[in-house]
Structure formats: C-alpha cells, structure tokens
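User: Could you walk me through a few side chains in this one? I'll ask as I go.

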Amino acid sequence: MARKEIHVQYVVDAAGAPSAVQLSLPLWETVKKHVLAAERRMTGADDPLQQPEPLAALQEFKDYWDFKYPYTPDVRCGHCGAATENWEEDPAHPFHLTNANLGGLLVFRCRKCGSTVRKKHFRDHCVLECTPVSQVQRTQHS
C-alpha cells in the first residue's frame with residue numbers, strides 16, 4: 001500500500017496542546033497567497049491607520065509652498081462630518097495622513113468613518129474631496 005502524503009501536521013507544546021501547524025510545500029504553495037493576506041489583516045499591515053504618516057513628504061511640501069494663498073492644516077470629512085482646524089496638532093488626531101507629495105496632494109483617512117479625504121492644492125485654490133469607504137473595504141478590514 002502506498003503511503004499517503006501528509007500535508008498538515010500539528011505541532012504541540014509540552015502539555016500536548018496544539019501550538020502551530022506545519023504545511024507541506026505543495027499545500028503551502030496552494031494556500032500561500034491567502035494565508036499571507038490573512039496575516040496582513042491580522043497584524044494591521046493592510047490598514048492605512050496602522051502605517052506611519054509620511055511627515056517628511058509633508059514637510060517637503062510645506063518647505064516648497066509657493067501658492068497664492070496660505071497653507072492651512074484644516075481637514076473635513078464630507079461623509080461623516082468629522083472636522084479639525086489643525087489635523088497636525090488636534091489631540092484627537094481625527095485624520096491620519098496616508099500620502100503627501102510635492103505636487104500639492106495630501107491624502108487622509110478619516111478615523112471616524114474610514115473615508116479617504118483628499119486635499120488638493122492648486123496654484124490659486126484648494127479642493128477637498130471625500131470618498132466613503134466601500135462595503136467591500138469594510139469587510140476586508142474587519
């Protein structure tokens with residue numbers, strides 16, 4: 001009788017309680033993408049609110065600011081109404097900076113509802129845009 005290949009082995013601690021699972025290489029190659037995606041969700045690696053804010057890029061943007069109006073740190077969520085006059089110094093920090101670039105785009109994540117708020121700085125005016133988090137994104141980050 002041919003020996004059946006074992007693809008899953010449980011690793012137990014000294015008391016005999018399961019503490020880990022060992023997968024065969026063929027099984028790992030089959031499930032690797034899903035397991036690593038689940039690990040990113042568990043550790044918050046896919047969550048923009050868990051990532052460091054790009055403050056160096058923001059500072060570079062401010063250092064080269066030469067538009068026709070003063071820079072203002074106010075941010076407002078058009079979806080849930082969360083707002084702050086100064087997102088950098090607000091103790092509640094209701095918005096998390098996820099992207100900043102020299103072209104004048106600042107992208108935030110609203111901590112209250114998860115919406116993406118874009119603050120677009122043009123030469124002579126600034127525009128705030130809000131994109132609510134979709135049901136699919138809510139499910140993925142739950």
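User: Which strand is R109 found in?
Analyst: R109 is found in strand β6, where strands are DSSP E runs of at least two residues, numbered from the N terminus. This is a predicted model, in which local features need pLDDT of at least 70 and side-chain atom pairs count only at pLDDT 80 or more, while totals for chains, interfaces and linings use all residues. Residues are numbered from 1 along each chain as its sequence is written, and side-chain values use heavy atoms, with hydrogens and water left out.

User: And is R109 buried or exposed?
Analyst: R109 has a relative accessible area of 17%, so R109 is buried; buried means under 20% relative accessible area, exposed over 50%, and partly exposed in between, with a 1.4 Å probe and protein chains only.

User: What lies 3.4 Å from a polar atom of its side chain?
Analyst: That is the backbone oxygen of G114, a polar contact (N or O atoms within 3.5 Å; within protein, one must be able to donate a hydrogen and the other to accept it, and residues adjacent in sequence count only if both atoms are side-chain atoms).

User: OK, switching to K119. Where is it?
Analyst: K119 is found in strand β7, which covers residues 116–121, and because its relative accessibility is 3%, K119 counts as buried.

User: Which backbone oxygen does its side chain reach?
Analyst: The side chain of K119 reaches the backbone oxygen of D74, at 2.6 Å. The charged end of K119 also sits over the ring of Y71, 6.0 Å from the ring centre; the cut-off is NZ of Lys or CZ of Arg within 6 Å of the centre and within 35 degrees of the ring normal.

User: What else is K119 in contact with?
Analyst: Leaving aside neighbours within four places in sequence, its contacts (heavy atoms within 4.5 Å) include T72, P73, D74, L105 and F108.

User: Now aromatics. How many pairs does a search of the whole structure find?
Analyst: The search finds 8 aromatic pairs, with rings of Phe, Tyr and Trp (its six-membered ring) pairing if their centres lie within 6.5 Å, and planes under 30 degrees apart counting as stacked, over 60 as edge-to-face and the rest as tilted. W65 and Y71 form an edge-to-face pair, 5.8 Å centre to centre with 75° between the planes, and both W65 and Y71 are buried. The pair of F95 and F108 is edge-to-face because their planes stand at 75°, with centres 6.5 Å apart.

User: Which residues form one cluster with W65?
Analyst: W65 forms one aromatic cluster with F61, F67, Y69 and Y71.

User: Last topic, cysteines. How many disulfides are there?
Analyst: The search of the whole structure finds 0 disulfides, a disulfide being a pair of cysteine sulfur atoms within 2.5 Å. C110 is in no disulfide, and its nearest cysteine sulfur, that of C80, is 3.6 Å away.

Conventions: Helix = DSSP H or I, 4+ residues; strand = E, 2+ residues; numbered from the N terminus.
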